[in-house]
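Open the model in a viewer and keep a selection tool at hand. The stops below go from whole chains to single residues.

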Amino acid sequence: METQDVAQKPARTEPAKSTLPQPGRPVPSRAYPGALIVVEGTDGSGKSTQLYLLKRWLEIGGYRLHFTEWNSSPLVKSATRRGKQRRLLTPTTFSLLHAADFADRCERQIMPLLQGDYLVLADRYVYTAFARDTARGCPPHWLRNLYRFAPVPDITFYFRAPLDVAVNRILSGRPKLKYYEAGMDLGLSYDRAESFRLFQARILEEYDKMVDSDSFVVLDGTMPVNKLQKQMREIVASKIDLKRFAPRAEEGE
Amino acid sequence: MPNQEKEKPAATVTATEAVAPPPPSPPPPKPAPASEDSGTQYFFGEPLVGFDPSEITGSLIVIEGMDGSGRSTQIMLLQEWLESEGFAVQTSGLRRSNLVGRDIDELLAKNAVTRLTLALMYATDFFDQVEHRILPALRSGTMVLADRYIFTLIGRGVVRGINRDYMSGLYAMALRPHLTFWLNVRPETAFGREFRKAQAISYWEAGRDMSLSHDLYWSFIRYQTMIKREFEVMAKKHNFIELDGEASVPAVNKLLRQRIAEQLGIRSTKYTPSSALSHLWR
């Protein structure tokens, strides 16, 4: 898949229509000054490397930013570990636990920082849950409701790599796939590598379904790293008024 | 997928429903699930992933009510009564899951959690119990007595400003109980009962996180009154059987036994607690 043209994305000042309203609020057309950039894609699509390079670029430029990763809230960590070790997790509880983790980061980091006029970079976002949990059999609209409180990203980069490329990148670099990572709980295959491949194929399919509905910016994960990064930086610069996040020399706005 | 022809959708159990008492044999009488349309008579919204509701042979009986309404006491007594009638009983309640029960206890103790995260942790706790405790029991014909259910969890979220549709959407895959009792008490009564238990009122019972009042008593009363209003809304919608939680323990217990006996086809509702539980019988 080739890079999508980006010219006609709304500027960040136009209130983006939110499909994921916050609970309890009448819902917002983007009631915060910050900006949110998200990367999504299957394991091995190259997204984390690219987001890291984007982050370095912005850090070196001195921009106010915060980086957040999927599944990283300390609050839920012990429960997730226990659930995985003892294999207690079902599609429903797996999904809820990830939502709790995300809610914690959302309420304590992402939202406050967006309110505080920060650039927030997220390695995986709610679309990971939509793709992965739907692949596990959770009802899609239940999932959409579950994550309704999430702010809608200004840019969602979708790193698309063919199944074989992505799967091979993971399999060659990892000694052993973990149970849930390989989707063993789905009973697709007794062989972990095979199970992983089948699971990833389902996830890829779910991601592809969201390209239009969720305005993904599709990038080709097989391109050379530096070229891809150049593209990514151009897109960010064209869609987000980066000056707003530059070092506060003259203070204020 | 459910496609059997029993007698009545579980959710529409009403006071007038009379169950023909089948012979009291060890395998418990069919509870009430069934009719032909999809999963929604078993679930509030949609079926739980990977679960076939037609396997249910037990009954899910929920007791709801605020702190101090007497739920736990009644459940202990009901369990003894049902066991003496030959029914296997499983109980469930908040924060009892293996998955996150203890984690929630810790979060509450540290008081370092935001409302949405807490609501989702409770949802995780709830569904873990549904999948690992409640459903396995119901499949094996066991009676499940639930000390609180989704209604408490929905009410707590809603009074904290979380969207009502969001909360009920979260629990769309919860099983519909065969019977839902609501032990309704005044917050003032509940306060006294709760205080006597521990000589204190806890932070969360009093809804202190909501900054309703610096005075513990008024914080408790305001918070529990808000919750009670939510229950009033849900009571109509979900056919709660409302009981006066201020009546004596034996009086409330008798009403509970009558409705449950009707549901399960138990002929006699006679019961006197064993000496182990007689202290509750006042």
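**Before selecting**

Residues are numbered from 1 along each chain as its sequence is written, and chains are lettered from A and ligands numbered from 1 in the order in which they are written. This is a predicted model, in which local features need pLDDT of at least 70 and side-chain atom pairs count only at pLDDT 80 or more, while totals for chains, interfaces and linings use all residues.

The model scores ipTM 0.83 and pTM 0.84. The average for chain B is 87, and 86% of the residues score at least 70. Residues 1-38 of chain B have a pLDDT below 50; beyond near neighbours in sequence, this stretch has 66 contacts in the model. Two residues are in contact if their C-beta atoms, placed from the backbone, lie within 7 Å.

**Chain A**

Helices (H or I, at least four residues) and strands (E, at least two) are DSSP runs, numbered from the N terminus. Along the sequence the pattern is β-α-β-α-α-β-α-α-β-α-α-β-α. Of the contacts in chain A with a separation of 6 or more, 78% are between residues 24 or more positions apart. Buried residues make up 42% of the 253 residues in chain A; a residue is buried if 20 or more other C-beta atoms lie within 10 Å of its own, exposed if 12 or fewer, and partly exposed in between, with C-beta atoms placed from the backbone.

Next, select the strands of chain A. The five form an open sheet in the order β2-β3-β1-β4-β5, with parallel pairing; two strands pair if DSSP finds at least two bridges between them. At the edges stand β2 (65-69) and β5 (216-220) of chain A, each with a single partner strand, so one side of each is left without a neighbour in the sheet. The twist averages 20 degrees from one strand to the next.

Zoom in on β2(A) and β3 (residues 119-123) of chain A, which pair in the parallel sense over five bridges. Here E69(A) stands opposite D123(A). Axes are lines fitted to C-alpha atoms, for helices over the stretch in contact, and angles run from 0 to 180 degrees between N-to-C directions.

**Chain B**

Switch to chain B, which has eight helices and five strands. Of its 282 residues, 45% count as buried. The strands of chain B form an open sheet in the order β2-β3-β1-β4-β5, and the pairing is parallel. Its edge strands are β2 (89-93) and β5 (241-244) of chain B, each with a single partner strand, so one side of each has no neighbour in the sheet.

Select β1 (residues 60-64) and β4 (residues 179-184) of chain B: they pair in the parallel sense over four bridges. The bridge partner of E64(B) in β4(B) is W182(B). Helix α8 (residues 249-264) of chain B packs on this sheet and touches β1, β4 and β5 of chain B, with its direction at about 170 degrees to that of β4(B).

Now pick helix α1 (residues 71-84) of chain B. The buried residues of α1(B) include R71(B), Q74(B) and W81(B). Those buried residues pack against β1, β2, β3 (143-147), β4 and α8 of chain B. After α1(B) comes G86(B), whose phi is positive, near 95 degrees.

One more residue: L135(B), in helix α3 of chain B. Is L135(B) buried or exposed? It counts as buried, with 21 C-beta neighbours inside 10 Å. Not counting residues up to four places away in sequence, L135(B) touches F51(B) and V130(B).

**Between the chains**

Finally, show both chains. The contact takes 28 residues from chain B and 28 residues from chain A. On the side of chain B that touches chain A, α2 (101-110), α3 (115-139) and α5 (164-170) of chain B each supply at least two residues. The largest share of that side, nine residues, comes from α3(B).

Notes: pLDDT is the predictor's confidence in each residue, from 0 to 100.
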